[in-house]
Structure formats: C-alpha cells, structure tokens
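Q: Please take a close look at the salt bridges: which residues pair, and where do they lie?

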Amino acid sequence: MAVEVTWWGHATCTVEDSGTRVLTDPLFARRLAHLRRRRGAVPTEEAARADAVLVSHLHSDHLHLPSLARLAPGTRVVVPRGAPRAVPGLRRLAKGLRLTEVAAGEEVKVGPLVVRAVPARHDGRRLPVGRERAPALGYVVAGEARTYFAGDTGLFDAMAEAVGAVDVALLPVGGWGPFLGPGHLDARRAAEALAALGPGAAVPVHYGTYWPIGMDGVRPHEFHSPGEEFVRHAARLAPGTVVHRLEHGQSVRPEVGR
C-alpha cells in the first residue's frame with residue numbers, strides 16, 4: 001500500500017503514507033456560524049489522530065480553532081506564513097501545538113514524508129475585510145506516493161508547473177453555499193485541473209457536507225451533485241485518472257505508480 005486517503009467531509013482528509021498520518025484542514029463541527037453539517041456524522045476522535053496537520057488558509061471552515069484544539073498536545077500544525085499574526089487564537093493554541101509557518105516552495109519533514117507548500121489562487125484573508133496577511137496554499141505530501149491537497153483554489157496557468165508530478169489529487173469540486181465565488185473550483189473546472197495535473201487517481205472533496213441554515217431549497221443540486229458531476233467531467237477530460245468518489249468517513253487505497 002502506497003497511500004490511503006480517508007475523507008471526513010468538507011476539506012478534511014487523512015492521508016496515511018509510510019506509516020505517517022497527515023490531516024488536512026480539520027473541521028469537526030456540527031455547526032459553524034451560519035452553516036450546519038447536513039451530511040455525514042461529525043468525525044470521531046480517530047479523525048483527530050495525526051502526526052501532522054496541514055492548514056491551507058485562514059477561512060474559518062479551514063482554520064477552525066475548536067477543531068485544532070482537539071489535536072493531541074505537541075502535534076505539528078503547518079500553516080501559511082503569517083497565520084499566527086493574523087489569527088490571535090492560533091497563537092494561544094501554539095502553547096500546546098507545534099506551529100510551523102511556510103510559504104509556497106518551502107518544505108517540511110514529517111517523519112519519512114516531505115511536505116511541500118504550493119501556491120493556490122484563493123482569498124487567504126481571515127475575514128472578508130482587511131489585507132491578506134497569509135496567502136492561501138496547497139500542499140504536496142511525498143512519501144511512497146505524491147499526494148496533492150489543493151485546499152481552496154481556482155484554476156491558474158502555472159498550476160501544473162507549481163504542483164509538479166503527483167500520483168493522487170484531492171481537489172475541491174464545490175462549496176458550502178448555492179454560489180461559488182472567484183478562487184474556487186466547481187466540478188468542471190476541477191476536471192480541467194485534473195487534466196492539467198495528470199495524476200493516476202483523484203478524490204473530490206469540499207462539497208456535500210455543510211450548507212447555510214434555512215437554504216436547503218435554494219439550488220440544492222449545488223450541494224448534492226458536484227461529486228457525480230466531477231466523475232462525469234473527469235471521464236471526458238482526464239480519462240487516464242481513476243476518480244474515487246468517497247462517502248463521509250470512507251477510505252480508499254488508490255493504485256499508484258512512481
């Protein structure tokens with residue numbers, strides 16, 4: 001087994017490679033502000049077990065302080081450079097966690113793995129006001145396989161060059177509301193990204209989990225259908241990639257080659 005991927009919902013995944021567990025953007029909440037979890041149980045304590053955590057950007061559905069507080073003391077948390085300065089609560093958590101700040105192009109060793117930060121095209125501000133103090137990132141986790149976690153991103157011309165060769169891609173294909181703003185991938189654009197990246201396997205994430213309270217009847221297909229739409233678009237645009245559409249809490253061991 002080269003790598004095992006578990007999708008817990010939204011952008012939260014566990015990537016297990018070479019006996020090391022890496023957790024992405026942990027969000028273990030039934031409700032977050034105006035959002036509620038509409039599908040999948042809140043992940044169990046098993047999901048919070050990790051050797052390292054990767055935080056892609058500062059939005060509260062990706063950098064969620066109560067979820068980070070559930071991590072074991074001493075867990076390494078990799079964040080965009082500038083995140084502790086921009087989010088005071090993160091500085092308080094740093095007393096029990098090991099924060100590592102990175103910029104695009106920098107690498108961090110996690111046991112036998114090498115985690116490389118890569119650029120993302122997304123608004124990295126903590127709130128929709130003020131200046132961006134910590135640009136959004138994606139990450140490539142390299143061990144027996146190379147797994148790309150995109151975080152939140154839109155398409156950009158240099159994506160394939162910046163990310164490099166990967167075996168597995170964890171790509172966002174939707175959102176948490178009826179409309180996607182700039183700096184996001186929908187199912188079709190995610191398939192276009194897949195065609196550019198050319199991995200052997202892909203897992204769609206960031207859809208079908210959270211939705212605004214009171215808006216269940218507003219464009220419900222944007223909640224339910226992105227995963228299936230991504231499978232369909234990927235079959236046409238990236239036929240060489242095997243897409244694994246997971247249910248919440250489900251795991252897959254993609255067949256990958258180096």
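A: What follows goes through the salt bridges pair by pair. The model is predicted, so local features need pLDDT of at least 70 and side-chain atom pairs pLDDT 80 or more, while totals for chains, interfaces and linings use all residues. Residues are numbered from 1 along each chain as its sequence is written, and side-chain values use heavy atoms, without hydrogens and water.

The whole structure holds 13 salt bridges (a side-chain nitrogen of Lys or Arg within 4 Å of a carboxyl oxygen of Asp or Glu).

One of them joins Asp167 and Arg146, with 3.2 Å between the closest N and O atoms. Asp167 sits in the loop between helix H4 (159-163) and strand S13 (168-172), and Arg146 in strand S12 (residues 146-149), so this pair ties together parts 21 residues apart in sequence. Helices (H or I, at least four residues) and strands (E, at least two) are DSSP runs, numbered from the N terminus. Asp167 is buried, at 4% relative accessibility (buried is under 20% relative accessible area, exposed over 50%, partly exposed in between, with a 1.4 Å probe and protein chains only).

Another links Glu228 and Arg245, whose closest N and O atoms are 3.9 Å apart. Glu228 belongs to helix H7 (residues 226-237) and Arg245 to the loop between strand S16 (242-243) and strand S17 (250-252), so parts 17 residues apart in sequence are tied together. Glu228 is partly exposed at 47%, and Arg245 is partly exposed at 35%.

Salt bridges with shared partners also join Glu16, Arg21, Glu46 and Arg49 into one network. Within it, Arg21 and Glu16 pair at 3.8 Å between their closest N and O atoms. Arg21 is buried at 8%, whereas Glu16 is partly exposed at 22%.
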